[in-house]
Amino acid sequence: MKNAGLAVVASLLCAALSAQRQAFIEAGYLMENKTYGESIGTVNCYVSGAPMSDPAIQLNSGDWLELHFDLLGPEYLDYTLVPFHCDAAWHPTDLEANEYIQGFTELNITDFEDSFNTRVPYVHYTVNFPNDLMKPRISGNYLLAVVHEGDGQQAVLTRRVVVYEQVCPLHLEAKLSSTVSNRDTHQEADAILNTSDFQLFNPSRDLHVTLLQNFNWQTARTGLRPQFIKTDEITFDLYEVNEFPAGNEWRWFETRDLNYISMHVDRIEQELTPEIEVHLRPDTMQGSKGYLSEPDINGRFLTECRQGGDDRIECEYHRVFFYLKSQEYPAATFSIIGNLQSVNPADHRMQYNRQTGCYEATLYLKQGYYNYRYLMTDPFHSDGTLEYTEGNYSQTENDYCMIMYHHDYAVGYDRIIAFGRDNSIR
């Protein structure tokens, strides 16, 4: 009878958790990288010990991801980590949470620390996935949601991460475009999947392939189909569908030392307002100026302050002013892109200032080193283009990764059987 009672309690708890997850989905939260909290800043997710890495780990490898974020203000709030398993298209699967998570399926975030000696107070939070209390049972796409339990289950941020298996060797090769007309402006990534130790009955139906440039899901190439299927080898050497505009090397600035005017910074104002203001030097349209040969970190950022000992809690928040020198384009909009984790994502859209002749925007950022680009959107480029603002040059250095999903009908989810990486010049 005692065991039966425990089983009933466990069943009720599982049903309650399922209801919470369903409420999360029905509330309209998107399965994408998004910040909802108005006071949440500097969200970053990477493999532990490698701040410049992408949020992708191998199942049962011993690696884990670190998820970091700040809550601006002197008070801390209670947050919970809730992972969701998704299919190849980032739709929530029908699996129960305990089918894809071993241990606790929701976890209170208990690792937080107040900022130290900063003008703007904040609380820094850290949570690992997996950890001793929560581990993924299966591979696939996972959405990590951070939820505030104070006023109902409200998400303050969501981040996409990948947990993969390396069942099949995957060779990915990034190179110049095979399309003659795009050879100077685009890059492509071809792949060969070795299936000698894994039986695929219908690769064209059961394999789902995603190709990413610089781990950017907004420009992902999906639905790639095999070109050649052999007994133990599947080739993805396609035409145009696996191509990306190469872009240009990323623009950058750094604010690691706010007492020093670094390259690309025009001035730093520390006394006029309670918050520090960093004004960048005006940028220009790069589209017709040729390839810009500068080292970059492919759109990522790194928080760091040279006067402190702990970058997580001693970096200052400050307002960064961006200026893009240009004539006005009434039918176009300009925005700042890259992994700049501004407190307000809406600030990335720029406004034209006729007095300065610049498109301008102000982002609220944490001290560190940042990559960024300008994206132009107009009636002819509804998804945005870098052609005019940055230019596209095939010699640009970019990271590529391919995710190979296999839909397992026996268990009803998209298993990641291979994950490959390559760089366009290395």
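## Strands 31 and 32

In this predicted model, strand 31 (residues 399–408) and strand 32 are joined by 10 bridges and run antiparallel. Methionine 404 has alanine 418 of strand 32 as its bridge partner. Strands are DSSP runs of E with at least two residues, helices are runs of H or I with at least four, and both are numbered from the N terminus. Two strands count as paired if DSSP finds at least two bridges between them.

Both strands belong to an open sheet of 4 strands in the order 16-15-31-32, with antiparallel pairing. Its edge strands, strand 16 (221–222) and strand 32 (413–423), each pair on one side only.

Another open sheet has 4 strands in the order 2-4-9-8, and its pairing is antiparallel. At the edges lie strand 2 (40–47) and strand 8 (111–114), each pairing on one side only. On average, neighbouring strands of this sheet are turned by 15 degrees against each other, direction ignored; the axes are lines fitted to C-alpha atoms, and angles run from 0 to 180 degrees between N-to-C directions.

Strand 2 is joined to strand 4 (residues 65–72) by 6 bridges, and the two run antiparallel. Here glycine 41 has aspartate 70 in strand 4 as its bridge partner.

## The whole chain

The protein chain has 4 helices and 32 strands. Its radius of gyration is 23 Å, close to the 22 Å that the globule rule gives for 426 residues, so the chain is as compact as a globular protein of that length. The radius is taken over C-alpha atoms, and the rule is 2.2 Å times the number of residues to the power 0.38. Along the principal axes, the C-alpha trace spans about 75 × 60 × 40 Å.

Of the 426 residues, 53% are buried (under 20% relative accessible area, 1.4 Å probe, protein chains only). Among contacts (heavy atoms within 4.5 Å) with a separation of 6 or more, 72% are between residues 24 or more positions apart.

## Confidence and conventions

The mean pLDDT (the predictor's confidence in each residue, from 0 to 100) is 91, and 94% of the residues reach 70 or more. Over residues 6–16 pLDDT stays under 50, and the model has 2 contacts beyond four places in sequence for this stretch. Where pLDDT is low, predicted coordinates should not be read in detail.

Residues are numbered from 1 along each chain as its sequence is written, and side-chain values use heavy atoms, leaving out hydrogens and water. Local features need pLDDT of at least 70 and side-chain atom pairs count only at pLDDT 80 or more, whereas totals for chains, interfaces and linings use all residues.

Conventions: Buried means under 20% relative accessible area, exposed over 50%, partly exposed in between (1.4 Å probe, protein chains only).
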